[in-house]
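Trainee: I have a structure to look at and would like to learn how to read it. Could you take me through it step by step?

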Amino acid sequence: SGDQLIVAGRSYSLREVDKVWVVGGGKASSAMAASLFDLLSERITGGIVVTKYGHTGPGLDTGPVEVIEAGHPVPDEAGVRGARRLVDLVEGASDRDLVLVVLSGGGSPLLTLPAPGLSLLDLQETTQLLLRSGASIVELNAVRKHLSHIKGGRLARRIAPARAICLVLSDVVSDPLDVIASGPTYPDPTTYQDAWDVLGRYDLANRVPAKVREHLEAGLVGTRSDTPKPGDALFQSVQHVIVGSNRL
């Protein structure tokens, strides 16, 4: 409305915003980016979203927002390149910028950036073991968050000091924001211990790659920092809105 962007009752003055970026991931992320471009048109400066191969869709106009296609449900190199470029973009945002984050089902494997010391192959093998084990999405994402450079609230750290609005299309029962797409902009209530317990529950602790085991063990003894937790002031500048879910 004029120079006011109103999101779920919260108003943002676009006169106080230098640049608007659109980033995100998931099987619906390109369609979500196209909807934002339809609403905001020339106000969007640019951005990057990562979606599944074949999910760009004919006739979708995302304007200056680049769409990258990548692997799902097992991550691939295209997804890692896309996530790295996305992080590079948001780390350049200032406190006068606004970052619109679009997340949907599939965001976890599509936004893959291994934690320092881990490789894409480490994450691929771990993901495949967990998928075959019968682990729930909550359990799977507890592990993913602790092997990632951006999941479990860590993307919010990269976006700061810019403000962020995260628009979420939920594919998880009861819409837990820390689980959907592994909650890259949301505080993470899970810990390295939770991730380790998942591996133990499915007898995977000695089957995952050695580097994954060493990484989690380092987290258990506190030599690796955990994901940002509820109550962290970091999240005061991030608004989250469920824009679609089974319930809605």
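Trainee: Which parts do the buried residues of H5 pack against?

Mentor: Some terms come before the answer. Helices (H or I, at least four residues) and strands (E, at least two) are DSSP runs, numbered from the N terminus. Buried means under 20% relative accessible area, exposed means over 50%, and partly exposed lies in between, with a 1.4 Å probe and protein chains only. Contact means heavy atoms within 4.5 Å. Here the buried residues of H5 pack against helix H3 (107–110), H4, H6 and H7.

Trainee: What are the ground rules for the model?

Mentor: This is a predicted model, in which local features need pLDDT of at least 70 and side-chain atom pairs count only at pLDDT 80 or more, while totals for chains, interfaces and linings use all residues. Residues are numbered from 1 along each chain as its sequence is written, and side-chain values use heavy atoms, with hydrogens and water left out.

Trainee: Which residues of H5 are buried?

Mentor: They are Glu139, Leu140, Asn141, Ala142, Val143, Arg144 and Lys145. Seven of the nine residues of H5 are buried, so the helix is largely enclosed by the rest of the structure.

Trainee: How do I describe the way H5 and H7 pack?

Mentor: Axes are lines fitted to C-alpha atoms, for helices over the stretch in contact, and angles run from 0 to 180 degrees between N-to-C directions. For H5 and H7 the angle is about 125°, and the axes are 8 Å apart. Angles under 35 degrees count as roughly parallel, over 145 as roughly antiparallel, 65 to 115 as roughly perpendicular, and the rest as oblique. H5 and H7 are therefore oblique to each other.

Trainee: What is the hand of the crossing where H5 passes H7?

Mentor: A crossing is left-handed if the near helix is turned anticlockwise from the far one by less than a right angle, and right-handed if clockwise. H5 passes H7 in a left-handed crossing. On the H5 side, Glu139, Ala142 and Val143 make the contact, and on the H7 side Ala195, Val198, Leu199 and Arg201 do.

Trainee: At what angle do H7 and H8 pack?

Mentor: H7 and helix H8 (residues 210–220) pack at about 140°, with axes 8 Å apart. These two helices are therefore oblique to each other, and the crossing of H7 and H8 is left-handed. Residues in this contact include Tyr192 and Trp196 of H7 and Arg213 and His215 of H8.

Trainee: How many salt bridges are there in the whole structure?

Mentor: A salt bridge is a side-chain nitrogen of Lys or Arg within 4 Å of a carboxyl oxygen of Asp or Glu. A search of the whole structure finds 10. One of them joins Arg201 and Glu139, at 2.7 Å from N to O. Arg201 is in helix H7 (residues 192–201) and Glu139 in helix H5 (residues 137–145), 62 residues apart. Glu139 is buried, at 14% relative accessible area.

Trainee: What does Lys145 pair with?

Mentor: Lys145 forms a salt bridge with Asp188, with the closest N and O atoms 2.8 Å apart. Lys145 lies in H5 and Asp188 in the loop between strand S7 (163–169) and H7, so the pair ties together parts that are 43 residues apart in sequence. Lys145 is buried at 1%, and Asp188 is buried at 0%. Both belong to a network of salt bridges that also links Asp178, Asp226 and Lys229.

Trainee: Which residues touch the most other members of the largest nonpolar core?

Mentor: In soluble globular proteins, nonpolar side chains tend to be buried together. A nonpolar core is a set of buried Ala, Val, Leu, Ile, Met, Phe, Trp, Tyr and Cys residues joined through side-chain atoms within 4.5 Å. The largest core here has 37 residues, and those touching the most other members are Val23, Val90, Val99, Val101, Ile150, Leu155 and Ile159. H2 gives the largest share of this core, seven residues.

Trainee: What is Ile150 in contact with, leaving aside neighbours within four places in sequence?

Mentor: The contacts of Ile150 are Ala83, Val87, Leu111, Leu113, Leu155 and Pro184.

Trainee: Is Leu123 buried or exposed?

Mentor: Leu123, in helix H4 (residues 120–133), counts as buried at 9% relative accessibility. Not counting residues up to four places away in sequence, Leu123 touches Thr112, Pro114, Leu118 and Leu147.
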